[in-house]
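Please look at the model shown here before reading on.

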Amino acid sequence: MTDPTPDAWRRVDAYLTSTLVGGDDALVAAVADQNAAGLPAIEVAPVNGKLLHLLARMSGARRVLEIGTLGAYSTIWMARALPADGVVVTIEAEPRNAEIARANVDRAGVGERVEIRLGRAAEVLPTLEGEPPFDLVFIDADKESNTIYLDWAARLGRSGTVVVVDNIGRGGEVANPATERSDVIGAQRGLELLGRDPRFEATALQTLDAKGWDGVAIALVV
Ligand code: DHB
Ligand code: MG
């Protein structure tokens, strides 16, 4: 077996991406414009964008909640999985990111299926109470708030809602109980909540892709 060196990861990721995911002008342009605007290059890898897309389709999602829009790369993947009357409600704290995101979803042809809510997620989430439940929730914002976001995912979801949490591996640091990184502690607290909270059944997968060594948690609201 090949050692999982960064080079080998990248080769396999490129192979899987070219074999299964393919290219796409709107997604390439979304990332290019995000980068040109100086936003951080922390959108999900293509294989993970496709995972989100497939989870939305597999679960028959019509209403998706995303916490952390950035340049809307993952938003576009999920919006494309929805029926014409479906919606991605995506929360973004940075006005500049939201501007780039709006242009990107419009160019991708999914603008009518995407609502960008500007503000801190902890403040926007309570305003969604009373709306129909979300079928899929993707949590990809400040990791320190993951437990808050998971609690809202359960409250704004229903039995059967799929919940995905990005960045739960953090280069292996998640397994360090003495870590002092607040993002990793946030990831750990989120995973511990998923493990003990009876509202969820969850697992997690490590990911080795263009974005390095990280992971995603995948949960079901029971
Ligand atoms: C970071 C955030 C992310 O959501 C991600 O996917 C990768 C990195 C970060 O804040 O460093
Ligand atoms: Mg992320």
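## Basis of the model

This is a predicted model, in which local features need pLDDT of at least 70 and side-chain atom pairs count only at pLDDT 80 or more, while totals for chains, interfaces and linings use all residues. Residues are numbered from 1 along each chain as its sequence is written, chains are lettered from A and ligands numbered from 1 in the order in which they are written, and side-chain values use heavy atoms, with hydrogens and water left out.

Thr-69 sits in the loop that runs between strand E1 (63-67) and helix H4 (73-79); helices (H or I, at least four residues) and strands (E, at least two) are DSSP runs, numbered from the N terminus. Thr-69 counts as buried because its relative accessibility is 2%, where buried means under 20% relative accessible area, exposed over 50% and partly exposed in between (1.4 Å probe, protein chains only).

Apart from neighbours within four places in sequence, Thr-69 is in contact (heavy atoms within 4.5 Å) with Thr-75, Thr-90, Ile-91, Glu-92 and Ala-101. With Ile-91 there is a further detail, in that the side chain of Thr-69 reaches the backbone oxygen of Ile-91 at 3.3 Å.

Asp-166 counts as buried, because its relative accessibility is 6%, and Asn-167 counts as buried because its value is 12%.

The largest pocket has a volume of about 610 Å³. Of the 33 residues that line this pocket, the closest to its centre are Ile-42, Asp-140, Ala-141, Asp-142 and Lys-143. A pocket is an open set of points on a 1 Å grid over the protein atoms alone, where a 1.4 Å probe fits, with protein on both sides within 12 Å along at least five of seven lines, and lining residues have an atom within 4 Å of a point. A volume is the space filled by probe spheres set on the points, which are joined across faces, edges and corners.

The second largest pocket holds about 200 Å³ of space. Of its 14 lining residues, the closest to its centre are Leu-16, Val-47, Asn-48, Thr-207 and Leu-208.

Technical notes
Polar contact = N/O pair within 3.5 Å; in protein donor to acceptor, adjacent residues only side chain to side chain.
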